[in-house]
Amino acid sequence: MLPANSTNSVFFTFLVTGIPGLETLYIWISIPFCAMFLITMVGNMTIIIAIWWEQTLHVPMYLFLAMLVTSDLGLSLFTFPTMLRIFLLAAREMTPSACFTQMFFIHTFQDLESAVILAMAFDRYVAISHSLHYHSILTNTVIARIGLAIVVRTLTVQLPLPILLRRLRFCCSNVLSHSYCLHPDIIKLSCSDTRVNSIFGLFVMISTMGLDFLLILLSYVLILRTVLRMASHSGRLKALNTCISHLCAVVLFFTPMICLSMLHRFGPRLPSHVYVTLANMHFLIPPVMNPIVYVVKTKQIRDKIKKLFIIKKQQKSSCHIYNINYENLCNVKHACLRQVSAHFIVISLEFLWVS
């Protein structure tokens, strides 16, 4: 690898960064990150399996939830392993192809999650403001079209990013400021003209997550207007209670991103580990917390997960009892055969003796 301080050298690898200033604690830091990765995998997979197997959960709210946890899984699979490589193996090098691929999938799943959260806000608006027509508006066909539109929009804006990066030369430095490859971080290291990359990257940010956030705010303004028009106090509380899980998802996803953007543009210069921590919160906390929030706050999900595991346990118990009964039956059968054989031998001997 060429020296990092040479401005005339072209680099063929990138170096990702862990948490600056805490290198001596990486082994200990890896423990909570491993636990978070395990919780993310188990929690999100459990929700997907519960929704997949339970026909009663095949309704708009839970189908959108399945999309959300799927995007969370994808985001985790492209962020956690890289961080754990740094903390456990001190492996920081990434080839440009690997870096651009990781960047594409991180931003793709990030945009998918933003769009799914918007779709869930629309679902809550329809459920509260047009409750009588909820199932006629959000049919399975409509949900499938929304899912397809989300995927098409995301791929349309994300596919050009790695293609545009291929034309750049990287010779200023090869050290990225995060534990994974992000588009703004990569173009800072280029010694080529990056105006097209910067403008297109800003357009992607505004047209996806920026627009999604504004539409989510609009959805909740309309929801609040409907709720305030309700006559009964209990009806208002019940309507707002159905939005708590989704509001938590909105806060978990957008708050770190907004704080990080504000600090980069308007805030005082802070230690680098503050920016790294905020970025990690944006990418790592939602996949960990979303399944916990939805299981805790959504009784239907909680009950179906319990039912799923109880049925499996009962099936195992039934199989065990069946095996025991089958073994007992076999033992009785063998004992009867032995008795019949003994009687046959005795009768045969008596017959021969008489003869």
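Reader: In which helix is the place of Phe 33?

Author: This is a predicted model, and its chain comes to 13 helices and two strands. Among these elements, the one that holds Phe 33 is helix H1.

Reader: Does Phe 33 count as buried or exposed, and why?

Author: A residue is called buried when its relative accessible area is under 20%. Phe 33 has a relative accessibility of 11%, and therefore it counts as buried.

Reader: Which residues is Phe 33 in contact with, leaving aside its neighbours within four places in sequence?

Author: One part of the chain to look at is Phe 87, which lies 54 residues from Phe 33 along the chain, with 9.3 Å between the two C-alpha atoms. With the neighbours within four places in sequence left aside, the residues in contact with Phe 33 are Phe 80, Met 83, Leu 84, Phe 87 and Leu 284.

Reader: How do the axes of H1 and H12 cross: roughly parallel, roughly perpendicular or oblique?

Author: Helix H1 covers residues 26–53 and helix H12 covers residues 272–297, and their axes come within 9 Å and cross at roughly 45°. Angles under 35 degrees would count as roughly parallel and those from 65 to 115 as roughly perpendicular, so the term for H1 relative to H12 is oblique.

Reader: How many nonpolar, polar and charged residues does the contact of H1 with H12 have?

Author: H1 passes H12 in a left-handed crossing. On the side of H1 the contact includes Phe 33, Gly 43 and Asn 44, while H12 brings residues including Leu 284, Pro 287 and Val 295. Sorted by class, this contact has eleven nonpolar, three polar and no charged residues.

Definitions and conventions: Residues numbered from 1 in each chain as written. Predicted model: local features only at pLDDT ≥ 70, side-chain atom pairs only at ≥ 80, totals over all residues. Heavy atoms only, no water. Axes fitted to C-alpha atoms, helices over the stretch in contact; angles between N-to-C directions. Helix = DSSP H or I, 4+ residues; strand = E, 2+ residues; numbered from the N terminus. Parallel < 35°, antiparallel > 145°, perpendicular 65-115°, else oblique. Left-handed = near helix turned anticlockwise from the far one by under 90°. Contact = heavy atoms within 4.5 Å. Nonpolar A, V, L, I, M, F, W, Y, C, P; charged D, E, K, R; others polar. Buried < 20%, exposed > 50% of the residue type's maximum accessible area, 1.4 Å probe, protein only.
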